[in-house]
Amino acid sequence: MSPAGAQKSSSLTLVLMVTSAAIGGTLQYGYNLAIMNSPTIFIQTFINETFLERWDIQLEDYQVTLVWTIIVSIFSLGGFAGALIAGPMTIRFGRKKCLLLNNIFLMAGALLALTSRAAKSFEMIIISRVLVGINSGISMNVQPMYFGESAPKHLRGALSSSSAVFAAFGVALGQVVGLREILGSEPCWQYLLASNAIPGLMQLLTLPWFPESPRYLLIDRGDKEACINALRRLRGCEVQSSELDEILQEQAETKGMRPRRPWELFTDRSVRWQLISVMIISSAMQLCGNDSIYFYASYVFREAGISDDKIQYITIGTGSCEFTASIICNLLIELKGRRFMLMGGYIFMTIWAVVFTIALLFEHYVSWMPYLSMACIFTYILSFGLGPAGVSVVLPTELFNQTARPAASMIAGSMMWLNLFIIGMIFPFLVSELREYCFVPFGVVCLLSALYVGLFLPETKGKSLSAITSDFHKLNFKGQDTKCASQTKAQYQLGEVCLSTAL
């Protein structure tokens with residue numbers, strides 16, 4: 001095969017692999033965030049009717065809202081559980097098989113949602129949301145890891161950040177499918193909640209045809225031949241010695257070591273700032289309030305002065321906005337770097353949060369202020385998609401070696417899902433209680449996040465693991481004597497800080 005033909009084959013294989021994994025992966029996260037907004041009134045009515053029929057109790061409005069908030073937010077607790085079991089699953093089954101097995105939770109959740117109306121059980125919807133959350137929690141951890149370990153170094157960021165592209169596409173798709181003219185109507189809401197089974201089925205039919213992560217095959221399984229075959233298929237040509245040597249070097253550094261457990265990373269000084277970084281960035285991704293806008297879009301736009309009959313169509317614009325921005329981020333991440341995109345995104349989000357607050361304060365005095373409020377929401381989401389959405393999922397795959405990566409992804413995923421649950425629970429109350437100032441807390445989070453990235457996060461674009469290790473080493477061992485520092489530099493993530501000095 002000619003070099004041009006090999007390159008074309010490589011690109012096609014990578015694109016198809018990414019599409020197959022992501023359709024049943026992070027697309028589900030965005031899709032299941034978005035589909036809950038349209039049927040809000042219908043499911044609340046269903047809850048009220050169920051209580052009335054079973055126990056002859058007429059619920060108050062706040063009680064219905066409480067049950068509805070639980071249904072919406074329980075998705076996040078399922079995601080937290082999924083993030084916790086994702087690490088052990090990837091170690092035992094591998095990245096690809098883990099994604100395939102993950103569809104068990106999805107299909108079970110879809111079946112419960114589909115039959116909940118006939119069974120007259122809102123509890124089945126709650127359990128369904130937990131199972132779908134587990135599916136999304138596993139996907140959000142495993143998929144970026146699978147992509148990052150399968151990509152060539154110069155495409156590592158772009159492939160890993162494509163997880164965010166598909167998550168944003170899932171949001172836009174969920175908003176379109178949730179239109180009243182499609183599945184968002186009163187007779188069809190149960191089909192809307194179960195429609196997530198279709199992307200999962202597509203993944204089950206296509207992903208088995210693609211190779212496992214080459215790094216997993218060589219470092220975890222010790223199967224060099226399978227690793228070379230996987231690389232050959234993914235690259236569309238003979239394996240380059242430099243790429244194989246890098247994987248072999250990482251294998252040598254971790255030889256004889258078992259996969260790290262999450263709590264072990266907290267006591268290992270050699271990964272202190274890597275761990276702090278992924279925890280802060282993963283938390284900020286949710287504490288900035290962007291994803292909660294999809295949970296409660298109606299509340300936000302109503303507060304911004306938009307009429308009810310236009311809200312469902314304007315909501316589609318939010319998903320489309322983030323989808324467009326995430327594609328741009330995917331194209332720019334290898335050109336501009338992770339640090340630039342992440343810091344720039346949070347700085348712009350801070351600015352739009354301030355402008356949005358000003359617009360809300362003057363909406364009763366200036367006729368066009370509601371339109372400025374709406375524009376601020378769109379630009380806020382756009383800024384999120386340009387940086388935080390794509391870069392946040394890339395970092396755990398780049399800052400940790402093979403033995404620590406699953407544990408680091410578990411910690412990062414746990415922080416993301418816990419904070420999504422917290423914000424999901426308090427978001428309606430922030431909007432109703434703070435009113436014009438509802439976005440001030442989110443603006444503060446964005447400002448602090450931008451400052452942290454600018455002061456402490458090194459650039460990782462195009463760097464090998466050893467080069468990234470060297471950058472963080474200066475933070476992890478700041479103030480240590482030169483002799484100790486030179487010894488620990490080569491012992492990154494092995495938990496052997498200056499052992500030779502002790503000996």
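Q: Before we start, what kind of model is it, and what was left out of the side-chain values?
A: It's a predicted model, so local features need pLDDT of at least 70, side-chain atom pairs count only at pLDDT 80 or more, and totals for chains, interfaces and linings use all residues. Residues are numbered from 1 along each chain as its sequence is written, and side-chain values use heavy atoms, with hydrogens and water left out.

Q: Okay, how many aromatic pairs are there?
A: The count is 14 aromatic pairs. Rings of Phe, Tyr and Trp (its six-membered ring) pair if their centres lie within 6.5 Å; planes under 30 degrees apart are stacked, over 60 edge-to-face, and the rest tilted.

Q: Why is the pair of F362 and Y365 edge-to-face?
A: Because their planes sit at 65°, with the ring centres 6.5 Å apart.

Q: And are those two buried or exposed?
A: F362 is partly exposed, at 41% relative accessible area, while Y365 counts as exposed at 69%. Buried means under 20%, exposed over 50%, and partly exposed in between (1.4 Å probe, protein chains only).

Q: What about Y380 and F439?
A: Their planes are at 80° and the centres 5.1 Å apart, so that pair is edge-to-face. Y380 lies in helix α20 (residues 369-386) and F439 in the loop between α23 (405-434) and α24 (440-456), so the pair ties together parts 59 residues apart in sequence. Helices here are DSSP runs (H or I, at least four residues), numbered from the N terminus. Both Y380 and F439 are buried.

Q: Which residues form one aromatic cluster?
A: F356, Y380, F439 and F442 do.

Q: Switching topic: which domains does the assignment give?
A: Domain 1 (11-210) and domain 2 (266-462); such bounds come from an automatic or database domain assignment. Their centres, taken over C-alpha atoms, are 20 Å apart.

Q: How much area do they bury between them?
A: About 4200 Å², with 65% of it on carbon and sulfur atoms. That's the accessible area (1.4 Å probe) the two parts lose on being put together, summed over both. In domain 1, L33, N37 and Q175 lose the most area to domain 2, together 13% of what that side buries.

Q: How many salt bridges are there between the domains?
A: Two. A salt bridge needs a side-chain nitrogen of Lys or Arg within 4 Å of a carboxyl oxygen of Asp or Glu.

Technical notes
Helix = DSSP H or I, 4+ residues; strand = E, 2+ residues; numbered from the N terminus.
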